[in-house]
Amino acid sequence: MNLVVLLKQTFDTEEKIEIENGAVAEDGAKFIINPYDEYALEEALRLREAHGGTVTVLSCGPERAAEALRTALAMGADEAVLLEEDGLPDDGGAVAAAIATAVVRLRPDLLLAGLFAVDTGAGSVALQAAEALGLPHAAAALKLEIRDASAAAADADGGGSGGLAAVVQRDTEWGLETVEIPLPALVTAQQGLNEPRYPSLPGIMKAKRKPLQRLSAAELGLAEAELAPRTGRIALQAPPARAAGRRLAGTPAEQAAELARLLQSEAKLF
Amino acid sequence: MSDVKHETVLVYAECQDGRLRRVALEALGAARLLAGEGGSVHAVLAGGGAGASAGEAAAELAARGAEVVHVIDDPALAQFAPEAYAAAIRAAAEAASPSAIVLGHTAAGRELAPRVAAALGGGHIADVTAVSLTDGGGAVFTRPLYAGKAFEQRRFLPGVTQVISVRPNNLPPAELAEDGRRGDIRALAFAPPPLWTAVRDVVRRTSGRIDLAEADIIVSGGRGVRSAEGFPPLEALAQTLGGAVGASRGACDAGYCDYALQIGQTGKTVTPKLYIACGISGAIQHLAGMSQSRVIVAINKDPDAPIFGVADYGIVGDLFEIVPLLNDQFKDLLQANG
């Protein structure tokens with residue numbers, strides 16, 4: 001199976017975010033693989049172990065994103081592609097168009113990505129790419145199984161097109177839902193899908209010799225309109241500071257009574 | 001808004017169990033702001049055999065300022081197949097020719113918005129927490145980055161079809177239209193696309209449980225809760241308050257509760273009116289997910305816990321002692337309020 005994982009390098013979730021001159025300060029910051037993408041990668045590695053095939057990781061980002069790709073190779077991915085962010089606008093639509101074009105060349109049976117990236121938090125790019133590629137998707141996967149589509153379809157509605165299908169248990173607001181979609185498809189990973197492995201020492205050594213291809217947006221031959229930004233940032237700000245409030249005093253019973261009173265009379269919540 | 005252009009804004013009015021979700025009215029409010037005085041707002045209600053309740057939802061949308069409510073009722077929409085729902089929104093967009101489409105940034109909305117945006121060659125601004133108009137009439141969208149450690153303002157470039165998903169609980173819901181105007185409710189013809197998604201099974205969450213993203217009040221537990229058995233007092237308090245239960249990453253990682261409850265930079269970002277943090281130290285990754293709540297209460301044994309730095313009211317003490325006492329206090333208070 002040809003497994004492709006979309007991966008983004010993000011700030012460590014424990015990092016403080018400092019804003020300098022309208023941009024996030026990167027000096028000395030620690031970068032990690034977006035945690036949700038790490039679940040996607042781990043799942044791809046497990047699927048390869050079960051069904052054979054190759055795992056290719058693709059990241060669109062600046063040069064430092066190559067570190068995240070090396071980490072992914074050290075975890076066990078076979079190949080990596082760095083789609084250089086230079087020449088791409090800061091807009092999910094344009095990035096998705098570029099990613100979709102790069103993904104087509106990789107001919108995936110299954111495309112995996114995180115539910116969202118913890119930096120921009122939009123969860124938009126992978127799904128926009130799926131739309132551009134004409135692929136079905138199942139979002140927020142907690143379990144993923146690959147099976148014969150014909151077998152499953154036979155006991156359902158007899159769609160029976162043959163080929164493979166993904167059976168995905170997913171986390172939604174209306175419950176735990178199990179869906180089946182035909183491959184090729186996109187599946188996005190939710191926390192709880194698996195426990196990602198750490199890169200092993202031999203893995204790290206091997207990763208140095210694995211292929212990491214660099215691809216520029218220009219090489220993709222996209223139409224100008226596709227690379228044009230649809231949205232743009234006007235400003236970036238730190239959140240309004242929150243002043244520390246008041247500590248309540250007295251016995252536990254007095255504190256509880258005082259809190260209820262304050263929430264009613266001062267905060268006007270009840 | 002400029003005087004010459006007549007903008008139409010389309011709202012995807014999400015329902016759950018046949019009832020309009022509150023976020024649908026918040027999206028409608030944003031749509032009315034974007035459409036401006038001279039513009040108009042359309043809404044699309046999509047479902048499969050929703051029956052009588054769709055009529056109620058449509059009437060409410062119409063009363064709150066939707067000039068046209070497009071009702072699509074098709075068996076393909078009986079369950080959530082994202083390709084079918086995205087197609088339903090596109091069908092309504094074809095009928096309404098909107099310059100912007102507004103959805104809730106919910107489990108369904110976050111799947112639909114990118115697909116609709118990409119299909120229309122438009123742009124998507126996701127997880128919007130505030131919308132404002134500039135003097136020139138342009139719309140500015142505020143959205144959190146790093147789960148609230150920073151905020152950005154974005155805009156759409158001219159001529160681009162705008163797709164906006166708005167975070168539940170942040171924008172004011174649409175008010176009743178003046179002079180009791182009533183919009184036009186119409187059935188919309190719909191040819192569903194070939195279905196990719198076959199829903200095999202849905203295991204409903206405990207009925208009556210309030211969704212974290214839409215909860216007005218959240219009682220949240222951390223490592224200080226010490227075990228899965230430590231959560232029932234928090235659940236009892238949440239129930240008294242009509243709120244939801246959340247958790248820190250520490251509590252989820254320790255296996256005290258399901259990851260579905262996790263609040264933080266990984267997990268859910270919430271903005272309730274009241275957030276009660278019990279036994280949560282306040283790691284930066286947790287603060288990112290909840291520090292925009294209107295009122296924060298912290299209960300923690302450790303007087304130096306960072307959570308006190310963002311709490312409006314802090315109680316240094318044993319949560320197992322305090323939480324049941326609070327539950328009694330609120331029971332009395334809410335009973336007195338009738």
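**Entry 1: Tyr256(B)**

I started with Tyr256(B), which sits in the loop between helix H6 (249-253) and strand S16 (274-278) of chain B. I noted at once that this is a predicted model. Is Tyr256(B) buried or exposed? I read a relative accessibility of 18% for Tyr256(B), and the cut-off for buried is under 20%, so it counts as buried.

Next I looked up its partners. I left aside the neighbours within four places in sequence. Tyr256(B) is then in contact with Gly222(B), Arg223(B), Arg226(B), Ser227(B), Ala228(B), Phe231(B) and Ala251(B).

**Entry 2: chain B overall**

I counted 8 helices and 18 strands in chain B. Its C-alpha atoms fill a box of roughly 60 × 45 × 40 Å along the principal axes. I compared the radius of gyration with the globule rule. For 338 residues a compact globule would have a value near 20 Å; chain B has 21 Å, so the two agree.

Of the 338 residues in chain B, 58% are buried. I then took the contacts with a separation of 6 or more; 66% of them join residues 24 or more positions apart. The chain exposes about 13,000 Å², and carbon and sulfur atoms supply 49% of that area. For charge, I found 29 positive and 36 negative, with mean positions 4 Å apart.

**Entry 3: helix H1 of chain B**

I turned to H1(B), residues 22-35. Its 14 residues should span 20 Å at 1.5 Å a residue, and the end C-alpha atoms are 20 Å apart, so the length agrees. How many of its residues are buried? I found 11 of the 14, which leaves H1(B) mostly covered. Among them are Val23(B), Leu25(B), Glu26(B), Leu28(B), Gly29(B) and Leu34(B). Just after the helix, Gly36(B) takes a positive phi of about 75°.

**Entry 4: helix H1 of chain A**

I made the corresponding checks in chain A. H1(A) covers residues 35-51. Its 17 residues should span 24 Å, and the end C-alpha atoms are 24 Å apart, so this length agrees too. I found 12 of the 17 residues buried, so H1(A) is largely enclosed by the rest of the structure. The buried set includes Pro35(A), Tyr36(A), Asp37(A), Tyr39(A), Glu42(A), Glu43(A) and Arg48(A). What follows the helix? I found Gly52(A) there, with a positive phi near 80°.

Notes:
Residues are numbered from 1 along each chain as its sequence is written. Chains are lettered from A and ligands numbered from 1 in the order in which they are written. This is a predicted model: local features need pLDDT of at least 70, side-chain atom pairs count only at pLDDT 80 or more; totals for chains, interfaces and linings use all residues. Side-chain values use heavy atoms; hydrogens and water are left out. Helices (H or I, at least four residues) and strands (E, at least two) are DSSP runs, numbered from the N terminus. The expected span of a helix is 1.5 Å times one less than its number of residues. Buried means under 20% relative accessible area, exposed over 50%, partly exposed in between (1.4 Å probe, protein chains only). The radius of gyration is taken over C-alpha atoms; the globule rule is 2.2 Å times the number of residues to the power 0.38. Contact means heavy atoms within 4.5 Å. Accessible areas come from the Shrake-Rupley method with a 1.4 Å probe; for residues, only the protein chains shown count as cover. Lys and Arg count as positive and Asp and Glu as negative; His and the chain ends are not counted. The place of a charge is taken as NZ of Lys, CZ of Arg, CG of Asp or CD of Glu.
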